[in-house]
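Hi,

Here is the structure I promised to pass on. Have a look through it first, and then read my notes below.

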Amino acid sequence: MHLFEFKRPEDEAAAIATAAQAKTAQQGAEVRFLAGGTTLIDLMKLNVETPARVLDINRLPLGEMETTSDGGLRIGATVRNSDLAYHERVQRDYPVLSQAILSGASAQLRNMATTAGNLLQRTRCVYFRDTAMPCNKREPGSGCPAIIGSNRTMAILGTSDHCIATHPSDMCVAMAALEAVIHVQGPTGARSIPIGEFHLLPGDTPHRETVLEAGDLITHVTLPPPRSGSRQVYVKLRDRASYEFALSSAAVVMQVEGGTITYIRIALGGVGTKPWRAPEAEAALMGKPAKADNCREAAEATLRNAKPQSENKFKIELAKRCLTHALQTAANG
Ligand SMILES: Cc1cc2nc3c(=O)[nH]c(=O)nc-3n(C[C@H](O)[C@H](O)[C@H](O)COP(=O)(O)OP(=O)(O)OC[C@H]3O[C@@H](n4cnc5c(N)ncnc54)[C@H](O)[C@@H]3O)c2cc1C
Ligand code: SF4
């Protein structure tokens, strides 16, 4: 394995050109960007990822945060999760993002983990991380042992007959509710991808996790201008109080005027194969009084099409309660 270190701004183009030599940006890619390394190095130690070349992007000028011309926020790809969570503007204008990041991993990991790396973190499915086992995501066509095996922590929304792995990120759930946009520089130029279109459902190609192509470098993420006076809440339920992934989580951004919900964005974590936006719940709540029974009805609507496996039926009620609680907390201001 060769390690390339890029130090100057002009090296960005060189990094992209080198990465574009890979056949794919997905699993099995020969060339990988290295940011915090808390996913990549972990998976390399397990032989799940075996890149021939690793490009260290930490010295590229992608580590800044600044206000955009429309009053939103631009977050560089290598901004550390801790710096993002504790940034004054994030705590004031996008508190749901701060809460979500601080609910994840550990302080040490958050000090290393980056914005782009978090967007591209990979599932914690035990079979995916064990090369002695088949896994369609790791080795397309080899099978999905989780469907008849250990599936307590797996997804109940967005699954397919080929993969039921949960998307593990907390940060992405808050970004989905905030309608973040991911900016990419690739061999054919720059493009911007709304977060809802960035991650892919597994379908029959679970090894394809995002819309990224070989050579695509995430340069930054933007958040739209904050909704003034919005109430923002992230609730995360898990097996232990820290250093644990979500069994169910909910991010809510809500505006209430005269007791009526006038703006609402909802996303769920721990239950979907991608960060799970909940349009049914949003539609059920828009223009309604922010009352407990309306919150519960919205949660019911979101989980209506949930498809549990043998060990994770409990997640349906857990997710409903998680979302209801998050909505009521936001509604009560
Ligand atoms: C023990 C443990 C517990 C954890 N708990 C949680 C948790 O509770 N909640 C949670 O959300 N997360 C959790 N995580 C995951 C953690 O948040 C991720 O590992 C981290 O965010 C990944 O960021 P990174 O910068 O280290 O990524 P890296 O490992 O450097 O990279 C990850 C992937 O992104 C690619 N990449 C990185 N930067 C770019 C870029 N700019 N453009 C294109 N590709 C890029 C890399 O090539 C690689 O494929 C946990 C991790 C560990 C090890
Ligand atoms: S759920 Fe997905 S990641 Fe887990 S074993 Fe099945 S195919 Fe692999």
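Before the notes, one cut-off you will need: a residue counts as buried under 20% relative accessible area, as exposed over 50%, and as partly exposed in between. Please also keep in mind that this is a predicted model.

You'll find Y243 in the loop between β9 (231–237) and β10 (248–257). Most residues other than glycine have a negative phi. E179 also has a positive phi, near 55°, and is not a glycine either. E179 sits in the loop between α8 and β6 (181–186), and because its relative accessibility is 30%, it counts as partly exposed.

Now the ligand. Which residues come closest to ligand 1? They are F33, G37, T38, L40 and T114, out of 33 residues that surround it. By type, that shell divides into 16 nonpolar, 11 polar and six charged residues.

- Q121 places a polar side-chain atom 3.2 Å from a ligand 1 oxygen.
- E244 has a polar backbone atom 3.3 Å from an oxygen of ligand 1.
- N118 brings a backbone N or O atom to 3.5 Å from an oxygen of ligand 1.

On its own, ligand 1 would expose 990 Å², and the protein buries 93% of that. The elements giving two or more residues to the shell around ligand 1 are β2 (31–34), α2 (40–45), α7 (115–119) and β8 (217–223).

Next, the inside of the protein. In soluble globular proteins, nonpolar side chains tend to be buried together. Here the largest nonpolar core has 52 residues, and the members touching the most others are I75, L84, L97, L119, M175 and I218. Helix α8 (residues 171–178) gives this core its largest share, eight residues. To see how one member is packed, pick L84: beyond its neighbours within four places in sequence, L84 is in contact with M65, I75, V79, V90, L97, I101, T115, M171 and M175. There is also a second, separate core of 29 residues, with M254, I261, C295 and A330 among them.

Is N136 buried or exposed? N136 counts as buried, because its relative accessibility is 7%. N136 is in the loop between α7 and α8. What does its side chain reach? The side chain of N136 gets to the backbone nitrogen of G143 at 2.6 Å, and to the backbone oxygen of H162 at 2.9 Å. Leaving out residues up to four places away in sequence, N136 touches G141, S142, G143, C144, H162, P206 and H207.

Last, a residue from the start of the chain. F4 lies in strand β1 (residues 2–5) and is partly exposed, because its relative accessibility is 32%. Not counting residues up to four places away in sequence, F4 touches R53, V54, L55 and D56. For a sense of distance, F4 and T260 are 55 Å apart in space, C-alpha to C-alpha, and 256 residues apart in sequence.

Enjoy looking around!

Conventions. Residues numbered from 1 in each chain as written. Chains lettered and ligands numbered in written order. Predicted model: local features only at pLDDT ≥ 70, side-chain atom pairs only at ≥ 80, totals over all residues. Heavy atoms only, no water. Near = heavy atom within 4 Å. Polar contact = N/O pair within 3.5 Å; in protein donor to acceptor, adjacent residues only side chain to side chain. Areas by Shrake-Rupley, 256 points an atom, 1.4 Å probe, with all protein chains shown as cover. Helix = DSSP H or I, 4+ residues; strand = E, 2+ residues; numbered from the N terminus. Nonpolar A, V, L, I, M, F, W, Y, C, P; charged D, E, K, R; others polar. Core = buried A, V, L, I, M, F, W, Y, C linked by side-chain atoms within 4.5 Å. Buried < 20%, exposed > 50% of the residue type's maximum accessible area, 1.4 Å probe, protein only. Contact = heavy atoms within 4.5 Å.
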